Amino acid sequence: MNYLPINQLPMTGRKDATGEVSEIFNDIRHTMDIPFIPNIFKTVAGSPQALIGSWGLMQNVYLQGTLPMTLKAMILYSISTAHQCKYCSAVHEVTCQNLDVSEEILEALAQDHDRLTPIRVREIVKFAVRCADDPVNLTEADYEHIREQGISNEELIEIIALAALGNYFDTLADAMKIDIDSVYAEALNNK
Amino acid sequence: MRYLPISKIPLVEEEDAIGEVAETFDKFRSFMGVPSVGAANMALANSPVVLTLTADLFIRFLEQTILPHPLLFMIHYTISTTKNCVCCSAGFERACRSVGIDEKMLEALINNLDSVSPERVREIIQFTVKCAVEPLSLTEADYDRVRDQGVSEQELVELIFWAGYAMLNDTVADAAKWDDQERQQLIED
């Protein structure tokens with residue numbers, strides 16, 4: 001069993017996993033088409049119920065729904081960089097790269113949303129980051145503005161849920177002090 | 001059709017719900033022992049995937065967690081009031097009362113966490129609020145302090161999960177503007 005350095009939380013490896021945890025680990029690898037279990041899921045597996053909940057969130061909000069996967073990855077990357085969550089920023093940056101998001105767009109997502117194009121993508125990203133960072137101050141005008149981009153109510157709910165998911169995973173990763181997976185670290189080093 | 005006041009998100013009325021949404025509404029009413037699922041769930045039902053996820057997650061976690069429900073409700077109430085989420089504060093204040101949390105404790109949770117007793121509950125709530133509000137500043141010492149209260153590794157993970165879940169709920173409620181639903185008339189056309 002491995003432990004996280006700062007808080008000594010145990011990380012359940014594939015060989016240690018049994019029962020429901022093992023089944024979810026298999027589902028994670030199969031669904032995400034990756035050969036490893038990300039550290040955040042290994043750590044959350046300290047509670048099978050927390051693992052079930054976290055994977056359920058990931059599956060339903062991120063992997064399903066009507067919004068394009070690239071847009072979702074871009075939104076989550078913007079939120080995690082805004083929160084300075086190193087773990088989630090790394091994961092979402094690599095995901096964006098794998099989805100062919102250019103370096104120029106990645107830089108705009110992290111530093112200056114006004115440089116994003118097309119307008120629809122820019123407005124969705126800005127609205128989503130606002131939902132995550134400052135939801136209390138969203139106004140009727142913000143909603144009107146985003147609806148002018150032709151966003152349906154279903155898409156609107158998904159954008160809000162995605163912002164909430166960003167907050168959820170940033171909270172977990174930062175609170176648990178999760179180390180960046182070597183696969184993601186290498187991908188970023190090889191840029 | 002009724003709508004939430006600020007966001008104008010339409011509500012899927014309980015009598016109009018079909019399929020997966022109707023099943024989720026039934027499950028929620030039955031588990032919570034309430035006559036209505038409330039405007040929040042009716043708004044979420046615009047995306048059946050999101051509604052099913054949030055309701056199922058909530059119910060399943062509460063059914064199987066090793067943490068006591070009163071503690072979880074107190075934690076969510078404290079986080080939501082700290083984040084100024086009117087909707088979740090009100091909802092979890094009601095949840096706290098429903099499991100017997102008294103006025104003195106409710107007052108302490110929002111105005112003076114240092115006066116919460118017993119010590120174990122105080123340390124757990126302080127740790128969990130820090131997880132939600134300023135997770136980057138958590139240190140080894142914070143983990144040591146909560147472990148000193150006999151908190152197991154599984155409980156620790158469930159506490160952090162619950163802090164994240166409270167952040168998720170507060171974000172959805174504040175962004176969708178559920179906070180005004182109890183004070184304002186829903187818009188009808």
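Analyst: Read from the N terminus, the elements of chain A follow the order β-β-α-α-α-α-α-α-α-α-α-α. That gives ten helices and two strands; helices (H or I, at least four residues) and strands (E, at least two) are DSSP runs, numbered from the N terminus. The model is a predicted one, in which local features need pLDDT of at least 70 and side-chain atom pairs count only at pLDDT 80 or more, while totals for chains, interfaces and linings use all residues. Residues are numbered from 1 along each chain as its sequence is written, and chains are lettered from A and ligands numbered from 1 in the order in which they are written.

The overall form of chain A comes next. Its radius of gyration is 17 Å, close to the 16 Å that the globule rule gives for 191 residues, so chain A is as compact as a globular protein of that length. The radius is taken over C-alpha atoms, and the rule is 2.2 Å times the number of residues to the power 0.38. Along the principal axes, the C-alpha atoms of chain A fill a box of roughly 50 × 35 × 30 Å. Of the 191 residues in chain A, 48% are buried. A residue is called buried if 20 or more other C-beta atoms lie within 10 Å of its own, exposed if 12 or fewer do, and partly exposed in between, with C-beta atoms placed from the backbone. Among contacts in chain A between residues at least 6 apart in sequence, 68% join residues at least 24 apart; two residues are in contact if their C-beta atoms, placed from the backbone, lie within 7 Å.

Chain A is divided into domain 1 (10-63) and domain 2 (69-189), with bounds that come from an automatic or database domain assignment. The C-alpha centres of these two domains of chain A lie 22 Å apart. Where they touch, nine residues of domain 1 of chain A are in contact with 14 residues of domain 2 of chain A. On the domain 1 side, the elements that give two or more residues are α2 (39-44) and α3 (48-63) of chain A. α2(A) gives the most to that side, with four residues. By class, the domain 1 side has seven nonpolar, two polar and no charged residues. Here Ala, Val, Leu, Ile, Met, Phe, Trp, Tyr, Cys and Pro count as nonpolar, Asp, Glu, Lys and Arg as charged, and the others, Gly among them, as polar.

Chain B has nine helices and two strands, in the order β-α-α-α-α-α-α-α-α-α-β from the N terminus. For chain B, 47% of the 189 residues count as buried. Chain B is divided into domain 1 (2-64) and domain 2 (69-176), and the C-alpha centres of these domains of chain B lie 24 Å apart. Their contact takes six residues from domain 1 of chain B and four residues from domain 2 of chain B.

The two chains also meet each other. In that meeting, 43 residues of chain A are in contact with 42 residues of chain B. On the side of chain A that touches chain B, α3, α7 (119-133), α8 (140-147) and α9 (153-176) of chain A each supply at least two residues. The largest share of this side, 17 residues, comes from α9(A). By class, this side of chain A has 25 nonpolar, 14 polar and four charged residues.

The interior remains to be described. In soluble globular proteins, nonpolar side chains tend to be buried together. A nonpolar core is a set of buried Ala, Val, Leu, Ile, Met, Phe, Trp, Tyr and Cys residues joined through C-beta atoms within 7 Å. The largest nonpolar core has 120 residues, of which Ala128(A), Ile160(A), Ala163(A), Leu165(A), Ile160(B) and Ala163(B) touch the most other members. Leaving aside neighbours within four places in sequence, Ala128(A) is in contact with Ile75(A), Ile79(A), Ile159(A), Leu162(A) and Ala163(A).
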